[in-house]
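Reader: I'm new to this structure and would like to go through its pockets and a few backbone details with you. Could you show it to me before I start asking?
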Amino acid sequence: MSSNLEIDWHARAAKLAPRCGVFIDGRFSDAVSGATFDCISPIDGRLLAKVAAGDAPDVDAAVASGRAAFERGDWSRRAPRERKQVLLRFAELLRAHKEELALTETLDMGKPIGDSLAVDVPSAANCIQWYAEAIDKIYDEVAPTGPSSLALVTREPLGVVGAVVPWNFPMIMAAWKIGPILASGNSLVLKPSEKSPLTALRMAELAVEAGLPPGVFNVVPGFGHAAGQALAL
């Protein structure tokens, strides 16, 4: 990997072309309405991309995709050891794309590239790795009872989990949601902030590349009063 000082970040920024649709069922598409919003860099006001403006129909489609994946069982009922391996590959892909993700994060929310390289991407990858490693180390329990009783505590996935993250530290805060939700076998619909949606979309794409089944990790960018409210209801 090149050193930070050797990279022409401005040249790389000029070539950056993030994919900006809704990410549902393992692929990008336009919002149902076709609407988009401008993703503006706070660094200099440049237009980074026109991002799909998800709304209630997109959230419904994402939840349906997540529910179908959950019922299908190729993630929710997958052996813990196998889920662990997928999430470990996901963490390694985040590290392998460190420079791309760091540049995207910097342009999208304005922090120095050195911080994105040293803090945001490694912290997100470490978070995913931690939950991956925990999958086969957190066990169910036998509750303490009298000699004539037996009480068992079992941990099972719930289904489709909605998550909303704010604009600051978008990769890290997304990882805080992604890690435990996926490690425990759930499906996820993630709504990133409209102020910094780009790395969440790329993370979902890399998760599928790592082997996560389509529909398990969906991302619906959009505004709080539209996509956020629909996901929260």
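Reader: What volume does the second largest pocket have?
Author: This is a predicted model, and in it the second largest pocket has a volume of about 170 Å³.

Reader: Which residues line the second largest pocket?
Author: The lining is made up of Trp9, His10, Ala13, Ile43, Arg46, Leu103, Thr106, Leu107 and Ile113, and by class these divide into six nonpolar, two polar and one charged. Helix H1 (9-15) and helix H4 (98-109) each supply at least two residues of that lining.

Reader: And how much space lies in the largest pocket?
Author: The largest pocket holds about 400 Å³ of space, and 20 residues line it, with Arg83, Ile135, Ile138, Ala183 and Ser184 lying nearest its centre. Two or more lining residues come from each of helix H3 (80-96), helix H5 (113-134) and helix H6 (170-183).

Reader: Which element gives the most to the lining of the largest pocket?
Author: That is H5, with three residues. Sorted by class, the lining of the largest pocket has 10 nonpolar, two polar and eight charged residues.

Reader: Why does Asp25 count as partly exposed?
Author: Its relative accessibility is 30%, and partly exposed covers what lies between buried, under 20%, and exposed, over 50%.

Reader: What about the phi of Phe169?
Author: Phe169, also not a glycine, has a positive phi of about 50 degrees. Phe169 lies in the loop between strand E7 (160-164) and H6, and is partly exposed, with a relative accessible area of 36%.

Notes:
Residues numbered from 1 in each chain as written. Predicted model: local features only at pLDDT ≥ 70, side-chain atom pairs only at ≥ 80, totals over all residues. Heavy atoms only, no water. 1 Å grid on protein atoms, 1.4 Å probe; cavity = no way out; pocket = protein on both sides within 12 Å on 5 of 7 lines; lining within 4 Å. Points joined across faces, edges and corners; volume = space filled by probe spheres on them. Helix = DSSP H or I, 4+ residues; strand = E, 2+ residues; numbered from the N terminus. Nonpolar A, V, L, I, M, F, W, Y, C, P; charged D, E, K, R; others polar. Buried < 20%, exposed > 50% of the residue type's maximum accessible area, 1.4 Å probe, protein only.
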